[in-house]
Amino acid sequence: MFDLDTGYTLLLLICLLAACLFEFVNGFHDTANAVATVIYTNTLKPWIAVVWSGTWNFLGVLLGGISVAMGIVNLLPVETLVDQNIAHSLGMVLALLITAIFWNLLTWFFGIPCSSSHTLIGSILGVGLAYSILPEATGDAVNWSKAQEIGLSLLVSPLVGFSITIILMYFLRVMTRKTPMEDTLFKEPKKNQPPPFWVRSILFLTCTMVSFSHGQNDGQKGVGLIMLVLIGIVPSYFALDRNFDPSAMPASVQKIEQVISSIDSATLSSFDKKRLADTKAMNDQLKQTFSSVSTVDNIQKEKKFEIRKDIMLIDRNINSLIKKEEVRLSESDKSTLKSELKKMRKITDYSPRWVIVLISLSLGLGTMIGWKRIVKTIGEKIGKEHLTYAQGASAELVASLTIGLSTKFGWPVSTTHVLSSGIAGSMVASKGVKNLQHDTVRNILLAWFLTLPVVVLMGGTLFLLLRSIF
């Protein structure tokens, strides 16, 4: 299989299984974010809620695209870390997989709504940072511009969930004041009694929206994880999209060449001059390669990974150069570069259909298992009062829209933190900060602040250990 010996093939299969396990754990770890409100408002029976949520998580991954997945892949410049030693690649992959799964299971066991996104991203950063201290390290081991973008989305999204939910609760209170609807929406649900049909319909819809958006965003993280495994261990098969039409490449390369040739190198620093010259050389090489092949399969296996590296470097170099003040290009030229680079990246930014289906099944099945611990925290331990219909619907509506918009822009966000902060916001909107259970909020915040440094340290240490063993 993939020209690997039996031992490496077995390890590759173990890595793929571990990636699916991460997504499975992600499913039952994050299920509560979608089903807690419908369970605690008696809208759906628990087993119906988790099966329904699992189905929509499955569909979310299947139909959600790959923009977030590529954000995960591009966070760790695998082109820098991969070398001729497959064992080194296995060490990289196993370190981030073991770290992510362990921390997810640990926080689930203690019923803490911890972010699978933080866990995965922290483990990736840990591996990259650990690699950077090795003597053979060359280039950046972490894509810091992508890391800053992801970090900002993870930081801002819970604040959005918290604040917008407060605003929405206030709006609902004003709009329903002194009406029968107010009594229905803002009072504790009666035990074992389902809400009125119209309320039930709203909560059913918001549960579905959160489940689908969770599948879109968190499911793509699993897709990105498997692509890291495949590109890292068998780059000759998965570095490039085999379905890409090579005839589309020369036109993009030609347009890029025309624009960068107009840059006056005399105004650049020596470092940027070299970067521009290297970009032109790689661009020329791509034009020659793709002018002589009819399919991606016609490209020599050992050359595919080099082509991927060149395309990624061209993209990074050009995006860095056009931000320089001394590089005077018109907005039209900049737009052309971005457009053609996007077309060029279609050969590297992809995922086979079987990977998406595999992750869809893993997340969907995981969603149907192990949900009780986190559901109890979401439904009972964030606020001091029982979740009302207005609180549940507001928190889920805000969470689904926040996650959906983030997915559209390719930003990985934490479903756990967005919804938990939304629930907290709804409690504050009802009776102020005193309505929060401070021990639970403290534990959630502690997990939020500790996850990144802990998994960075764990991932980096494990990577160095496995690297020395392999």
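**Helices, burial and side-chain pairs**

Colleague: Which helix is S153 in?

Modeller: S153 sits in helix α7, which covers residues 144-176; helices here are DSSP runs of H or I with at least four residues, strands are runs of E with at least two, and both are numbered from the N terminus. This is a predicted model, in which local features need pLDDT of at least 70 and side-chain atom pairs count only at pLDDT 80 or more, while totals for chains, interfaces and linings use all residues. Residues are numbered from 1 along each chain as its sequence is written, and side-chain values use heavy atoms, with hydrogens and water left out.

Colleague: Is S153 buried or exposed?

Modeller: S153 counts as buried, at 8% relative accessibility, where buried means under 20% relative accessible area, exposed means over 50%, and partly exposed is in between, using a 1.4 Å probe and protein chains only.

Colleague: And what is S153 in contact with?

Modeller: Once the neighbours within four places in sequence are set aside, S153 is in contact with W411, P412 and V413, contact meaning heavy atoms within 4.5 Å. Of these, W411 is partly exposed at 34% relative accessibility.

Colleague: What about S426, where is that one?

Modeller: S426 is placed in helix α18, residues 415-431, and is buried with 0% relative accessibility. Beyond the neighbours within four places in sequence, S426 is in contact with T165, M169 and Q391.

Colleague: How many helices and strands are there in the protein chain?

Modeller: The protein chain has 19 helices and zero strands. Of its 470 residues, 55% count as buried, and among contacts with a separation of 6 or more, 87% are between residues 24 or more positions apart.

Colleague: How many residues of helix α3 are buried?

Modeller: Eight of the nine residues in helix α3 (residues 67-75) are buried, which leaves that helix mostly covered. The buried ones are V68, A69, M70, G71, I72, V73, N74 and L75, and they pack against α6 (116-132), α7, α9 (197-233), α13 (301-321) and α17 (389-408).

Colleague: Switching to charges, how many salt bridges does a search of the whole structure find?

Modeller: A search of the whole structure gives 10 salt bridges, each defined as a side-chain nitrogen of Lys or Arg within 4 Å of a carboxyl oxygen of Asp or Glu. One of them joins the side chains of E257 and K287 at 2.9 Å, N to O. E257 belongs to helix α11 (residues 249-260) and K287 to helix α12 (residues 270-291), so this pair ties together parts that are 30 residues apart in sequence.

Colleague: Which residue has its side chain in a salt bridge with D272?

Modeller: The partner of D272 is R275, with 3.7 Å from N to O. Both residues lie in helix α12, three residues apart, about one turn of the helix, and D272 and R275 are both buried. The side chains of D349 and R345 also meet in a salt bridge, at 3.1 Å, N to O, and R345 is buried with a relative accessible area of 12%.

Colleague: How many aromatic pairs does the structure hold?

Modeller: There are five aromatic pairs, where rings of Phe, Tyr and Trp (its six-membered ring) pair if their centres lie within 6.5 Å, and planes under 30 degrees apart count as stacked, over 60 as edge-to-face and the rest as tilted. F238 and W354 form an edge-to-face pair, 6.4 Å centre to centre with 65 degrees between the planes. F238 lies in helix α10 (residues 235-238) and W354 in helix α15, so the pair ties together parts that are 116 residues apart in sequence.

Colleague: Which residues form one aromatic cluster?

Modeller: One aromatic cluster is formed by W52, W56, F204 and F212.

Colleague: Last topic, which residues make the nonpolar surface patch?

Modeller: W47, I48, V51, V357, L361, L365, M368 and I369 make a nonpolar surface patch of about 700 Å². Patches use residues with over 30% relative accessible area and no salt bridge, joining like charges within 9 Å and nonpolar side chains (Val, Leu, Ile, Met, Phe, Trp, Tyr) within 5 Å, and accessible areas come from the Shrake-Rupley method with a 1.4 Å probe, where for residues only the protein chains shown count as cover. L365 is found in helix α15 and is partly exposed, with a relative accessible area of 49%.
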